[in-house]
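I opened my notebook to see how this chain is put together. Here is what I looked up, entry by entry.

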Amino acid sequence: MQRSPYDTASALLPLLGGPANVTSVAHCMTRLRVGLADRSAADAEAVRAVPGVLGVVADGDTLQVVIGPGAVVTVTAAFEALLGTAEAPGGTPGSHPADGTASTTGARDRDAGTAGAAGARGGVGGAATGAWAGGATSAPQSPTRRDPVLQDLDASALAARGAELRAERARRNATPFKTALRRVADVFVPLIPALIGCGMLAGLGGLLVNAGWLPGLTPALAAVASGFMALISVFVGYNTAKVFGGTPVLGGAVAAVVVYPGVAKVTAFGVALSPGQGGVLGALAAALLATYVEKGCRGRVPAALDVLLTPTVTVLTAGLATLYGLMYVAGVVSAAIGTAADWLLTTTGPLAGLVLGGLFLPLVMLGLHQALIPLHTTLIQQQGYTVLLPLLAMAGAGQVGAALAVYARLRHDTSLRTTIRSALPAGLLGVGEPLIYGVSLPLGRPFLTACAGGAAGGAFVGFFATLGDRVGATAIGPSGWALFPLVTGNRGPALAAAVYAGGLLTGYAVGFLATYIGFRGDTRRVASTAGEPSPR
């Protein structure tokens, strides 16, 4: 029987410290991202044990719960409904938002999940492990192995030691760089569904134009697909102000200056501006400046005049700064990104592909891959496609190859083979978390050999880039087989799709061979890692 989204959400909420501990809720393609007031109040191990959870990743004060594509949308909606119910007068976290009846599912699943963490668990979630401290993940230790330093500590001292370790890890991971990456990701992640939808329509429209079909429909498709991209700077500005604590509509208003056609009449640094100059980077900088101006005004303007002066000063100051500085500088930076990407692939294609394809899985594991979205978006605005995404997508191919090798090597481990069969379809479509947290990462070495497969696939695609055959994607989000409708290149979509397919096959083959040769774990070790009793 399939578990309902409400059951999953009601099990997660108390394990995350309850409604009072939740500061923000969002989701990407596969993860529920929950901001926490007190990270130590959340029980990561119990969250990981909830049925349907594929893994757990910590990113500062945000806990990323890996749920999987599709399901994460409904679980997030149920989670937000539970928060709304708890905050309403007379509401309780255990009340179902639909009928108000009390639910014991969360407590029941929590008890069962906690017990199940040490016992048998099947399916994708059964082998799932994640990272609570900075994304680091390791296979569960045997119950009989304990740190000698902790042997003589009683329960209270052990709890204090755990709190001390959590605090130490929090200090180590709360770096300005990681905080900045997390906030940038929070700006762009909500835009991904629109980027995917418009990208798919753009790809469909391109196919129809090339084939000469439905000439009366293709202009309408082009308008629908291009509308969002034409105004994406406004959405970036809105989200930037929202994430950084400003008024969202003021951020959107200032960012709208970037795409306003009238900027063509403005001259900055002796050069006439062009609408859209600076792209999403200019919009991000403009809205960020607007947020700081607004916060400065709030503390200085009298309350009676705040509603009039603060928005006016914010839009005027940030708008002029955008026109006479930020748009020009962001335009230079955006152009440099496009030039650097072209140079990187043309000059060092195989090496660049090897590095990008090999390191992308660790970025996914740490949840830092979302920070690349501004680069993808900038390239799509400039060139019509991003050349980075096909290279990074090779990491998923290596992961699939590694999982197939584990499946072939461990013929008698039925639990792990079931996990692989369940996760492979998502892996082939470019969703890597089920295989990462359910198979390769808990086993250790297959994760490294999967990275080797991704590096090989990236080197393959990069090699053709040095020959002048660049492969790109017209939108971001999908990868694996799901990326084919979005694949294009400087020499047409057919050749680009062929090169991309060759990269996938290379990643599959190298990931499989490297894992099959390099991984010799017996069924006892794997079963123990997956939480199953060792066969006798």
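Entry: I began at G17, which follows α1 and has a positive phi, near 100°. Helices here are DSSP runs of H or I with at least four residues, strands are runs of E with at least two, and both are numbered from the N terminus.

**Entry: ground rules.** I am reading a predicted model, where local features need pLDDT of at least 70, side-chain atom pairs count only at pLDDT 80 or more, and totals for chains, interfaces and linings use all residues. I number residues from 1 along each chain as its sequence is written, and side-chain values use heavy atoms, with hydrogens and water left out.

**Entry: the whole chain.** I noted 20 helices and eight strands in the chain. Of its 536 residues, 48% are buried. Buried means under 20% relative accessible area, exposed means over 50%, and partly exposed lies in between (1.4 Å probe, protein chains only). I also looked at contacts, meaning heavy atoms within 4.5 Å. Among contacts between residues at least 6 apart in sequence, 73% join residues at least 24 apart.

Entry: How many residues of helix α1 are buried? Nine of the eleven in α1 (residues 5–15) are, so the rest of the structure largely encloses this helix. The buried ones include Y6, D7 and L15. Helix α17 (residues 433–443) is mostly covered, with eleven of its eleven residues buried. Among them I spotted E433, Y437 and S440.

**Entry: the cores.** A nonpolar core is a set of buried Ala, Val, Leu, Ile, Met, Phe, Trp, Tyr and Cys residues joined through side-chain atoms within 4.5 Å. The largest one has 62 residues, and F188, V236, V406, L483 and Y500 have the most contacts inside it. Helix α15 (residues 388–409) gives the most to this core, with nine residues. Apart from it lies another core of 28 residues, including Y6, V56, A78 and L82. I went back to V236 and listed what it touches: V187, F188, L191, V280, A283 and L284, leaving out residues up to four places away in sequence.

Entry: I checked helix α12 (residues 279–298) against helix α14 (residues 373–383): they pack at about 130°, with axes 7 Å apart. Axes are lines fitted to C-alpha atoms, for helices over the stretch in contact, and angles run from 0 to 180 degrees between N-to-C directions. α12 and α14 are therefore oblique to each other. Under 35 degrees counts as roughly parallel, over 145 as roughly antiparallel, 65 to 115 as roughly perpendicular, and the rest as oblique. G279, V280 and L281 of α12 meet P374, T377, T378 and Q381 of α14.

**Entry: aromatic rings.** Rings of Phe, Tyr and Trp (its six-membered ring) pair if their centres lie within 6.5 Å; planes under 30 degrees apart are stacked, over 60 edge-to-face, and the rest tilted. By this rule I get six aromatic pairs. F228 and F235 have ring centres 5.2 Å apart and planes at 40°, so their pair is tilted. F228 is buried at 11% relative accessibility, while F235 is partly exposed at 40%. The rings of F463 and F464 have centres 5.7 Å apart and planes at 85°, so that pair is edge-to-face. Ring pairs link F460, F463 and F464 into a cluster.
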